[in-house]
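Welcome, and thank you for opening your viewer. Let's take a walk through a protein together, one selection at a time.

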Amino acid sequence: MGNKHLTPDYIFESSWEVCNKVGGIYTVLSSRAKTLQDRMQDKIIFIGPDFWKEKESPYFKEDKALFADWQWEAKENGLFVRVGRWTVPGEPIAILVDFEPFFEKKNDIYGWLWEHYQVDSLHAYGDYDEASMFSYAAALVVESFYKHYLDSKQRVIYHANEWMCGLGALYINNKLPQIGTIFTTHATSIGRSIAGNQKPLYDYLFAYNGDQMAGELNMQSKHSIEKQTAFHVDCFTTVSDITARECVELLDKPVDVVLPNGFDNSFVPKAATFTKKRKAARKRLLDVANALLGENLDDDTLIVSTSGRYEFRNKGIDVFVEAMNRLLRDRDLKKKVLAFIEVPGWVGEPRKDLQERLMANESFDTPLEVPQITHWLHNMSHDNVLSMMKYYDMHNRKEDNVKVIFLPCYLDGEDGIVNMTYYDVVLGNDLCVYPSYYEPWGYTPLEAVAFKVPCITTDLAGFGLWANAEFGHYGELEDGVKVIHRTDYNYSEVADAIKDAVAQFSSMTAKEVEACRKKAEALSKKALWSEFIKYYDEAYNIALQKAEARKK
């Protein structure tokens, strides 16, 4: 390989979450887009699934004039694409592809995949087929675009995210060897499954056999595509050191580069606007709580929250409820605590009785029935959060100094109760708590500190480990991020550590809290994409060096 550092002329990046906001990968790609777009000037092209038939994606703006000649040619060849802009900072080009037509060729595609890469698609179920057909279609988009506009003189990268895009990476690897391929696993499918199935992941990581566990947990197909992609792409990457260990043990393949998830803080409001928005968020959260509880909690109340995907154990929602329950009896607590659990459940509709109280604009001294939840759920009797609160007899009584409220919807500004977006809500918190058991990176704590909110996380989250490395010691509240040591078996100690940290925070002076908020913000600046993009440059170079070697 040459010593010259190679940089791409074009980057194609595919993900199920391009213009499709369903999880953390959306944040990774959409926040990184501006950094790449500033540098590549429309030569970074994102490819996502086009299933927006009845309504348009709120994150996509079509432009029929962009690559119009190629769009026509693609359609002639049975490839139905829409080209436009992803409406995120930087507005990069996005191509959405309709993958439905490929279902009829599914068996042939899987046959080809087995023949060339021994990927086992026989055990496929659930979202495997849908993801694979999209992945195949995304690769055809790159192939068609490449043949129309490019040739081997340009250095081209194809970057596939998650097992869902593995098939496409293997297709490019096979059909267009002059393109450098990168595969990023944001969490191994088998690792997430082991953790989600209540099995101890970390103490036994060295002893688990990924292939064997895939059979046991009925994950053969997802595991197979992920493993073969990891082995065959030019550069295999993941998002944190903790997931890198998982890749070695469960996929039998060390990563080439760790690509930590950065952040774009262009939407964090400045100075006076920030203060105004923080006041508005606090007022709204307190109004909702007071209407629901029949209370009169004032601005001196400590507002605490946890949020993220509804993975009850993996995201540490269970240990958060446990900690709040213990805090009820903690003598060191100096303030009233209002704790929100902001995770989307199987939501039915916003509560009419709560809406009426909020409209009435008066104070109430009696709680509504079920004063633990803001929206009705379809599965009220089987919901994990409500069941655990019921088990602990946590009913937000008048005399309770800790009130816990479940906000079980996406905070998109139109939920019918809070009616503010997540970013407008998060800055109203005093403290955020993310005690994850399984968290390859952890965007929620990074977002919190970017909005100057100190947070609590664990050393089983990639972000927590990164924060410890930056501090040179285990993070404490005074550092802006408290990092709790978490293992397979110390659930109870973690709950106590959260309880103690919230109590400690409640007794801090205004000056100490301000110092803590400044430290949180300072740490977030070290995680900006401008700091982390260098790791991507390393991955691009590795992939391009291998592609160049094949051209000779």
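How many positive and how many negative side chains does the protein chain have, and how far apart do the centres of the two sets lie? Colour by charge to see: there are 64 positive and 81 negative side chains, and the centres of the two sets lie 4 Å apart. Keep in mind as you look around that this is a predicted model.

**The whole chain**

Zoom out and switch to the cartoon view. The protein chain holds 19 helices and 17 strands. Its C-alpha trace spans about 75 × 50 × 45 Å along the principal axes. A compact globule of 552 residues would have a radius of gyration near 24 Å, and the protein chain agrees, because its own value is 24 Å.

Of the 552 residues, 60% count as buried.

**Stop one: Ser-240**

Select Ser-240 and show its side chain. You will find it in the loop between strand S8 (235–238) and helix H9 (241–251). Is Ser-240 buried or exposed? Ser-240 counts as buried because its relative accessibility is 3%, under the 20% cut-off.

A polar atom of the Ser-240 side chain lies 2.4 Å from the backbone oxygen of Pro-440. Leaving aside residues up to four places away in sequence, Ser-240 touches Val-258, Pro-440, Trp-441 and Gly-462.

**Stop two: helix H16**

One of those neighbours, Gly-462, takes us onward: select residues 462–471, which form helix H16. Here 7 of the 10 residues are buried, so the helix is largely enclosed by the rest of the structure. Highlight the buried ones: Gly-462, Phe-463, Gly-464, Trp-466, Ala-467, Asn-468 and Phe-471.

What covers these buried residues? Show these elements around H16, which are among the cover:

- helices H9, H15 (443–450), H18 (510–525) and H19 (529–551)
- strands S16 (455–458) and S17 (481–484)

Step past the end of H16 and you meet Gly-472, with a positive phi near 80 degrees.

**Stop three: Gly-316**

Jump to Gly-316, in the loop between strand S10 (302–307) and helix H11 (317–327). With 0% relative accessibility, Gly-316 counts as buried. Which residues does Gly-316 touch, not counting those up to four places away in sequence? Select Glu-311, Pro-435, Ser-436, Tyr-437 and Arg-486 to see them.

Gly-316 and Leu-201 are 115 residues apart in sequence, and 15 Å apart in space.

Most residues other than glycine have a negative phi. Our final two selections go the other way.

Start with Phe-67, whose phi is positive, near 50 degrees. Phe-67 sits in the loop between strand S3 (60–62) and helix H2 (68–76). Its relative accessible area is 18%, so Phe-67 is buried.

Then select Asp-252, where phi is positive and near 60 degrees. Asp-252 belongs to the loop between H9 and strand S9 (257–258). Is Asp-252 buried or partly exposed? Its relative accessible area of 44% makes Asp-252 partly exposed.

How values were computed:
Residues are numbered from 1 along each chain as its sequence is written. This is a predicted model: local features need pLDDT of at least 70, side-chain atom pairs count only at pLDDT 80 or more; totals for chains, interfaces and linings use all residues. Side-chain values use heavy atoms; hydrogens and water are left out. Helices (H or I, at least four residues) and strands (E, at least two) are DSSP runs, numbered from the N terminus. The radius of gyration is taken over C-alpha atoms; the globule rule is 2.2 Å times the number of residues to the power 0.38. Buried means under 20% relative accessible area, exposed over 50%, partly exposed in between (1.4 Å probe, protein chains only). Lys and Arg count as positive and Asp and Glu as negative; His and the chain ends are not counted. The place of a charge is taken as NZ of Lys, CZ of Arg, CG of Asp or CD of Glu. A polar contact is a pair of N or O atoms within 3.5 Å; within protein, one must be able to donate a hydrogen and the other to accept it, and residues adjacent in sequence count only if both atoms are side-chain atoms. Contact means heavy atoms within 4.5 Å.
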